[in-house]
Amino acid sequence: MAQQTSNIAALIPAPKADIVVQDLGQPSAPGAGEVLIRNHAIALNPIDWKRQSWGMFIESYPAVIGADVAGTVTEVGPDVTAFKKGDRVIGFANSFTGGNKYGAHQTFTLAQAFATAKIPASLSFAEAATVPTGVSTASMALFDVLGLPLPGTSSSPSTPSKSILIWGGASTVGFFTIQIARLAGLTVFAAASPKHHAKLRSLGATEVVDYRSPTAVEDLVAAAEKAGTPITLAFDTISTAETLTATAKVLSVSSGGKALSGTSFVHTTPWPETLAVVEGIKSEQVRGEQLWGRRKDLSAWLYNDALPKWLAQGGVIPSGHRTIPGGLSGIQEGLDQLKKGVSGEKLMVEI
Ligand SMILES: NC(=O)c1ccc[n+]([C@@H]2O[C@H](COP(=O)([O-])OP(=O)(O)OC[C@H]3O[C@@H](n4cnc5c(N)ncnc54)[C@H](OP(=O)(O)O)[C@@H]3O)[C@@H](O)[C@H]2O)c1
């Protein structure tokens with residue numbers, strides 16, 4: 001039985017409309033394989049403002065969107081044994097195809113158990129809420145698109161054997177990809193603003209260059225040469241025509257002008273129609289949302305197995321965050337700020 005309590009939601013009432021906060025009544029009871037989370041921190045992502053402004057991944061209105069929650073389990077579905085009432089968890093909430101009850105921007109969110117992870121007592125809800133979309137996208141990029149072996153499995157390398165460039169290392173996705181790439185045994189190079197370099201090195205990046213420098217490409221190639229490892233893998237988390245071009249150039253120059261076999265390139269948004277495809281380099285857009293469908297197995301490994309250990313042991317640490325005041329009423333202000341751009345911080349609300 002769902003609890004007799006109100007579910008207050010920040011919903012988008014109509015296409016392109018501002019968010020309104022409304023009581024949706026009693027929250028839905030979790031079905032098989034689901035948990036109901038009483039959210040305490042809800043993190044915002046660029047896709048949230050894009051969905052609001054452009055109508056992407058919204059089938060009908062009013063719409064409750066958002067993907068990243070941290071809170072307390074209040075109820076579990078009939079067959080769920082891995083979680084119990086009172087567990088502190090994060091959820092990667094499927095508001096893309098699941099419907100409003102799976103949206104993050106509300107007091108109670110239904111999450112699939114395979115996309116829910118217990119969090120250690122050492123992390124606040126706000127710290128933990130910075131994690132889901134970042135680790136989900138990083139894991140899909142590394143272990144699905146690039147096909148790397150999972151850390152800790154017998155086929156994973158014991159010594160670093162490949163190098164990866166993370167262009168946009170200080171973005172949320174970049175921040176978590178650096179950490180998971182290191183756990184996967186990769187040597188990591190990154191491009192980010194100088195103010196973030198020390199932090200990204202502390203996460204395990206071997207070298208970080210200034211993405212605004214006119215010699216950024218040459219600096220990355222030189223750093224890889226110095227480390228004795230050509231860069232054959234890349235994840236451009238920003239994916240503008242400019243960053244895609246620069247990233248492709250690093251891959252191509254790093255391997256002597258001719259892409260080495262297995263050179264692969266992941267991007268976060270569709271390849272621009274006006275930009276020529278790079279010969280000899282396999283490129284593909286990552287789709288984090290596939291963890292709710294085609295790659296449920298990868299999601300279960302990440303959320304139920306790897307992530308709780310990484311968070312408890314510090315193998316993965318949360319990104320910096322800034323809480324927008326006003327609880328659910330602050331979400332519109334947060335999305336407006338995110339649309340203008342943020343620098344090395346995750347925006348969120350706490351309720
Ligand atoms: N396909 C998917 O499944 C998926 C999943 C998640 C996100 N995404 C998309 O991926 C993109 C990144 O998302 P996010 O949440 O990680 O973004 P974010 O955290 O909001 O990114 C902000 C950061 O990007 C950095 N940045 C901006 N322009 C840059 C450039 N030209 N080169 C290097 N760094 C640059 C900024 O650095 P400074 O301010 O320090 O300059 C800032 O720290 C968004 O477009 C998002 O919609 C896609």
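Mentor: Let's start with buried area: the accessible area, taken with a 1.4 Å probe, that two parts lose on being put together, summed over both. In this predicted model, domain 1 and domain 2 bury about 1700 Å² between them. Carbon and sulfur atoms hold 65% of that area.

Trainee: Why give an area for an interface?

Mentor: The accessible area lost when the parts come together is often used to give the size of an interface.

Trainee: What makes up domain 1 and domain 2 here?

Mentor: The domain assignment gives domain 1 as 8–131 + 289–350, and domain 2 as 135–286. Their centres, taken over C-alpha atoms, are 27 Å apart. On the contact itself, domain 1 puts in 22 residues and domain 2 puts in 20.

Trainee: How many salt bridges cross the interface of domain 1 and domain 2?

Mentor: The rule finds two salt bridges across it.

Trainee: What makes the meeting of arginine 294 and aspartate 144 a salt bridge?

Mentor: The cut-off is 4 Å, from a side-chain nitrogen of Lys or Arg to a carboxyl oxygen of Asp or Glu. For the side chains of arginine 294 and aspartate 144, the N to O distance is 2.7 Å, so the pair qualifies as a salt bridge.

Trainee: And how many residue pairs are in polar contact between domain 1 and domain 2?

Mentor: Seven residue pairs, counting those with both residues at pLDDT 80 or more. On the side of domain 1 that touches domain 2, helix α8 (residues 296–313) gives the most, with six residues. By class, that side of domain 1 has 12 nonpolar, six polar and four charged residues.

Trainee: Now the ligand. Which residues are closest to it?

Mentor: The ligand has 27 residues around it, and the closest are Lys50, Ser193, Tyr211, Val286 and Gly288.

Trainee: Where does glutamine 285 lie, and what does its side chain reach?

Mentor: Glutamine 285 lies in strand β13 (residues 282–285), and its side chain reaches the backbone oxygen of threonine 268 at 3.2 Å. Leaving out residues up to four places away in sequence, glutamine 285 touches Val145, His267, Thr268, Thr269 and Pro270. Valine 266 is 19 residues away along the chain, yet its C-alpha atom is 5.6 Å from that of glutamine 285.

Trainee: What makes the pair glutamine 285 and arginine 287 a polar contact?

Mentor: Their side chains are joined at 3.5 Å, and the limit is within 3.5 Å, so the pair counts.

Trainee: What is the peptide bond between tyrosine 61 and proline 62, cis or trans?

Mentor: Cis, with omega about 0°. Proline 62 sits in the loop between α1 (46–54) and β4 (68–76).

Trainee: What stands out about the phi of lysine 16?

Mentor: Lysine 16 is not a glycine, yet its phi is positive, about 65°. You'll find lysine 16 in the loop between β1 (8–11) and β2 (20–23).

Methods. Residues numbered from 1 in each chain as written. Predicted model: local features only at pLDDT ≥ 70, side-chain atom pairs only at ≥ 80, totals over all residues. Heavy atoms only, no water. Domains from an automatic or database assignment. Contact = heavy atoms within 4.5 Å. Polar contact = N/O pair within 3.5 Å; in protein donor to acceptor, adjacent residues only side chain to side chain. Helix = DSSP H or I, 4+ residues; strand = E, 2+ residues; numbered from the N terminus. Nonpolar A, V, L, I, M, F, W, Y, C, P; charged D, E, K, R; others polar. Near = heavy atom within 4 Å.
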